Structure formats: structure tokens, C-alpha cells
Amino acid sequence: MLSALQNPRHAATQLLNFGLILSTAFMMWKGLSVIADSPSPIVVVLSGSMEPAFLRGDLLFLWNRNIFEETKVGEIVVYNVKGRDIPIVHRVVRKFGVGEEAKLLTKGDANVADDTELFARGQDYLQREDIIGSVVGFIPFVGYVTILLSEHPWLKTVMLGIMGLVVVLQRE
């Protein structure tokens with residue numbers, strides 16, 4: 001570590017490598033967003049409302065390019081409620097109308113009632129613009145890392161510190 005501090009060129013190289021890793025991850029995320037036509041092409045299941053289909057901590061892959069098909073009853077969608085930041089993963093249980101004007105009603109598989117209580121004040125149904133994407137695949141339990149980092153903020157600091165140490169102590 002002391003050699004990195006004594007050689008500014010080596011330290012700059014390490015810093016640039018770390019920046020390259022972060023920018024590559026960001027570009028991949030943005031690329032996935034464009035391809036999937038979704039602001040958030042990958043989401044983590046945060047609750048048990050979709051059990052047994054999806055469990056807490058599952059990583060979901062979304063697709064929002066329904067060019068040839070409309071959203072159907074039975075499809076699992078991720079949507080945002082106006083005024084809330086956390087997306088909700090639930091199944092479409094009713095559909096009223098067709099096309100862009102269709103109104104959708106959703107419900108979690110483990111829930112007793114539909115989602116009308118979760119919608120914003122004055123909102124009775126979802127419209128197509130509320131949907132972030134439809135679930136096309138998942139990886140079980142991988143999202144637990146995200147859940148742990150959000151539930152334990154000190155863990156973020158520890159992880160960033162370890163990553164920083166690895167970058168500084170790495171030898172090329």
C-alpha cells in the first residue's frame with residue numbers, strides 16, 4: 001500500500017481502473033434499460049406478496065416492449081404507483097378495454113384482496129404507462145444482497161471500504 005502512495009502514477013492507474021469498472025456497470029445498466037424499454041430492467045422482490053411464484057430476494061428481469069401483444073390477464077407485471085418510489089410486483093387479474101386505454105387490476109398471489117388499496121388516491125386501475133415491465137425471467141435469492149444493503153446501511157460502508165482496499169492493494 002505504501003508503494004502505491006509513493007508512486008503517484010500507480011495510484012492514478014488504480015483509481016482509473018476503479019472508475020472504469022463503475023462506468024462499465026453504469027453503461028451496462030443503461031444499455032439494458034434501452035433494450036428492455038424499462039427504466040428499471042432488473043428488480044428485486046422485497047416482500048412475500050407473490051409467493052409461491054416469487055420469493056423475497058428473487059432477482060427479476062423485465063421486458064417492456066409489448067409491440068405485438070398487449071398485457072394479458074395472468075401476466076406478472078412490475079408497476080410504479082404515483083407518489084411512491086418502490087415498484088410493486090403483482091399479477092394482472094382483470095383487464096378492462098383494449099389497447100393503450102386498457103385499465104388493469106393487479107393482485108399479489110399471496111394477498112387476499114386486489115391492489116386498489118395500494119394505488120394512489122383517486123386511482124382505481126393501472127394504465128399501461130404505470131407498468132415498468134413484465135417479468136420474463138428470474139434468478140432465485142440473488143437479490144438478498146440488495147435487501148441486506150438497504151436494511152443495514154453500515155454494510156454499504158464496509159463493502160465500499162473492502163472494494164477500495166482491493167483496488168489500492170491490487171498489484172498489476
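Author: A polar contact is a pair of N or O atoms within 3.5 Å; within protein, one must be able to donate a hydrogen and the other to accept it, and residues adjacent in sequence count only if both atoms are side-chain atoms. This is a predicted model: local features need pLDDT of at least 70, side-chain atom pairs count only at pLDDT 80 or more, and totals for chains, interfaces and linings use all residues. Residues are numbered from 1 along each chain as its sequence is written, and side-chain values use heavy atoms, with hydrogens and water left out.

Reader: Which side chain does Gln123 join by a polar contact?

Author: The side chain of Asp130, at 3.2 Å.

Reader: Where does Gln123 lie?

Author: Strands (E, at least two residues) and helices (H or I, at least four) are DSSP runs, numbered from the N terminus. Gln123 sits in the loop between β5 (103-107) and β6.

Reader: Is Gln123 buried or exposed?

Author: Buried means under 20% relative accessible area, exposed over 50%, partly exposed in between (1.4 Å probe, protein chains only). Gln123 has 12%, so it is buried.

Reader: Which residues does Gln123 touch?

Author: Contact means heavy atoms within 4.5 Å. Not counting residues up to four places away in sequence, Gln123 touches Val81, Lys82 and Asp130.

Reader: Now the rings. What describes a pair of aromatic rings?

Author: The distance of the centres and the angle of the planes. Rings of Phe, Tyr and Trp (its six-membered ring) pair if their centres lie within 6.5 Å; planes under 30 degrees apart count as stacked, over 60 as edge-to-face and the rest as tilted. The structure holds four aromatic pairs. One of them is Phe54 with Phe138: 5.1 Å centre to centre, 80° between the planes, edge-to-face.

Reader: Which parts of the chain does that pair link?

Author: Distant ones, 84 residues apart. Phe54 is in the loop between β1 (42-44) and β2 (59-63), and Phe138 is in strand β6 (residues 131-139). Phe54 is buried at 6% relative accessible area, whereas Phe138 is partly exposed at 41%.

Reader: Why do Phe141 and Tyr144 count as stacked?

Author: Their ring centres are 6.5 Å apart and their planes at 20°, so the pair is stacked. Phe141 is partly exposed, at 48%. Tyr144 is partly exposed too, at 31%.

Reader: What is Phe96 in contact with?

Author: Leaving aside neighbours within four places in sequence, Phe96 contacts Glu101, Ala102, Lys103 and Tyr125. Phe96 lies in strand β4 (residues 88-96). Its relative accessibility is 38%, so Phe96 counts as partly exposed.
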